[in-house]
Structures are given as C-alpha cells and as structure tokens.
Amino acid sequence: MFDFLNNGGEKKVEYIELIYDLIFVYIIGRNNTLLQTIENGFVAPSAFLTYILTALIILQIWYSTVIFINKYGANGLQENLAIFINMYLLYYMADGVRTDWQDYFYRFNIAWALILANQAVQYLIKYKKAGAFMPWVKAQIKRSIFVLLVQIAVILISLPLYRLTGIPFSPLAMVLGIILVSVGSRANELVAGDFAHLTERVMLYVVFTFGEMIIAIAEYFEGGFGFSTIYYSLCAFLIVAGLFLSYGFVYDNVINREMQAEGTGYMLLHIFMITALNNITAALEYMRTEEVAAIPKNVFIVASIITYFIFLFLTEKYAIVRCQGSKKFFAVIIAMSILFAAFEMLFFRNPLISIALTVVYIYSVFLYLYFNVKKVKKEAEE
C-alpha cells in the first residue's frame, strides 16, 4: 500500500530523471544567451535581471520535482507520464526565454502554472494513497500542495495584472516558493527522504552544467594556432577542470551521503551553486569579448567564482564529522578570496595576468582543501 515511500531501500536514479535533467540543461543554455546582450560595456541590466529570475524559476521547478521523486517517486507509468508532460511544457517555457520576453510572457507563465498544477496533482494522488494510517505523510503532502497552489495563484493573478500595468509580478511566485519551503523546513522533515539519492541527483546535474561550460570554452580554440589561442584555451580549460575537481573532491570525500538528512537545504545550496556556475560560463565567454569593459568583466568572474566556492563550502553542514571545516580552514579560504579579488582589480586591464590569477586562485583553494581533508582524515585514523 505504501510502496511510494522510501522504506530504507537504496533509491536509484532512474533514466527518466536524467532525461528530465537534460531539458533543464537546454533551458539554462538558452537562458545564458541573455547575457550576450551587451550595453555600455556590460550585459544590459534588464537582460541580466531576466536571466537571474528565469534561472531561479527553472531551477526551482527542477528542485520541487527532485524532492517529489525522492520522497514519493515509485517510477510508475502515471508518474513517468506526468514527467513527460512537464518536459513538453518546459519547451514552451524555453521558447519564452529571450530578450523580447514581453511577447512571450503569457506562454511562459501559463506553461509554468500548468507544470506546477501537474506537480500538485501528483501530490494529490499520493495524498489519497496515504490513507488514514499515515497522518504525518498527509500533513507534509498538504503543505507541499499548499506551496504549489500559492505559486499557481500568484502566476495566474499576474496575467491580468501584466495586461493592466505592464509589470511582470509572476516572479513573486518563485520568491514565495523559496520562502515557504525555507520557513517550513521542519514540516518537510515529516517524511524521510533518501539523502544519497538527492546527492547523486544534484551531482549529475552539476556534471551536466560543467558539460555546458566545456562547450562554451570551445570558442577559445578559434582564431588559429598561436600563443594567444593556446594560452587562453589552456587557462579556460584549467579553470573549468579546477572547479570540477573541487566539487568532485567534496562530493567523494567530505559529504556524508549515508547521513539521515531531509536534504532540502542541500538542494537549495546547489540551486545557487549551479547559478554561479552558469555565471562563470558567461564570464569565461566575456574574457574574449572586447565589447565587455575590463572592470565589469573582472568583477563578474571574481564574484561568480567566489560565490561558487561559498555555496560549495556551505555544504559542510552535511559533511562527515571528522572532515568538517575548522575556523582556521575558512579563515584561510577567506584570505585567499580577498587576495584574489584584490589582485584581479590591480591587473584588470591585463587579461593575460587576469586569467592566470583566476587559475592560481582556483587551484590554491583546491589544493588547500585537498591537503586539509587528507590531514584531518589521517589524524582521525591515528
């Protein structure tokens, strides 16, 4: 009767989940094109705001789907059909991700509301299956449905308001969703999730995101065989590889995947980490773009990389106890970051030095992380 709940067995990532994630990678890729709208030496403010809001909206949809599958997914025909429906609706949302989004406002938001409604229906089906014997499950499902209905209501109300005022209020649905999930963290713990499954899902999505970065830096190899091409392409590759090594090392050696954790906080950290990675992708593209002024170019890449590391190290809440970071560790990381930002500002007019400093900073953080964790593990074993 209760086969839709995780009862201690190991939950596997299904193929349909990976296909579903690829749709989000496609949309995020489209969203990144908004950052190519350069105005007065940097991306146009309106385009950047659209980019940030769209990224958070798309990642929130992904987040809520992953949480549902993790806690209640049974990989049944009805659930898979619901996923395919949302995949199709996501294509409609993707079509509205562009600089002239105003012409696609209704299509984007109606598709978004239908996706959330589909998720609410899936929760309702699980609610009926829970019956009277599982009141704690029903309470958690009711809260999840409430959050989705609030978001749907805001989106639907925003449609006539946009016609009357020309102001897009629908992003408030995303903001309210994040607030309600964060405030209701204790309610989310009523139903245990599979933390190992969650960590694997977000790891795979991060890998897909790095795949997008690899595609983006392929442009560095254009321009013929010469010092500039080799130097910049090598530095760009080392930057991507270093960021990936840091994430992979934390995932394999620091995160306690066997711990009993509800996991929504871990997922939220990854939403901002993935957004930072997408910003880094755009920042690497800016390094070769003469239209982008030196100061905003360097500020953007510094802020994006430091933000990535901030959210990566915030995952230490879910670390193996013996590997949890010390005050000294974080003090050194902060000092490295301040020096990185200072030197980048000092040499912002010299792209050769600027990109080299980025490589040095990323590998300094990785090596310090690597040797610190190895040292702590060795001391624990002794």
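## Helix 10

Helix 10 covers residues 264-286, and at 1.5 Å a residue its 23 residues should span 33 Å; the end C-alpha atoms lie 33 Å apart, which agrees. The expected span is 1.5 Å times one less than the number of residues. Helices (H or I, at least four residues) and strands (E, at least two) are DSSP runs, numbered from the N terminus.

Buried means under 20% relative accessible area, exposed over 50%, and partly exposed in between (1.4 Å probe, protein chains only).

## Basis of the model

This is a predicted model: local features need pLDDT of at least 70, side-chain atom pairs count only at pLDDT 80 or more, and totals for chains, interfaces and linings use all residues. Residues are numbered from 1 along each chain as its sequence is written, and side-chain values use heavy atoms, with hydrogens and water left out.

## Overall fold

The chain holds 13 helices and two strands. Its radius of gyration is 22 Å, close to the 21 Å that the globule rule gives for 382 residues, so the chain is as compact as a globular protein of that length. That radius is taken over C-alpha atoms; the rule is 2.2 Å times the number of residues to the power 0.38. Along its principal axes, the C-alpha trace spans about 70 × 65 × 35 Å.

Buried residues account for 51% of the 382 in the chain. Contact means heavy atoms within 4.5 Å. Among contacts between residues at least 6 apart in sequence, 81% join residues at least 24 apart.

## Ser304

Ser304 sits in helix 11 (residues 294-314). Its relative accessible area is 4%, which makes Ser304 buried. Leaving aside residues up to four places away in sequence, Ser304 touches Ala276, Asn279 and Ile280.

## Arg257

Arg257 lies in the loop between helix 9 (227-253) and helix 10. Arg257 is partly exposed, at 24% relative accessible area.

The C-alpha atoms of Arg257 and Ala196 are separated by 4.8 Å, although the two are 61 residues apart along the chain. Beyond residues up to four places away in sequence, Arg257 touches Phe195, Ala196, Thr199, Glu200 and Tyr251.

## Surface

The accessible surface of the chain comes to about 17800 Å², and 67% of it belongs to carbon and sulfur atoms. Areas come from the Shrake-Rupley method with a 1.4 Å probe; for residues, only the protein chains shown count as cover.
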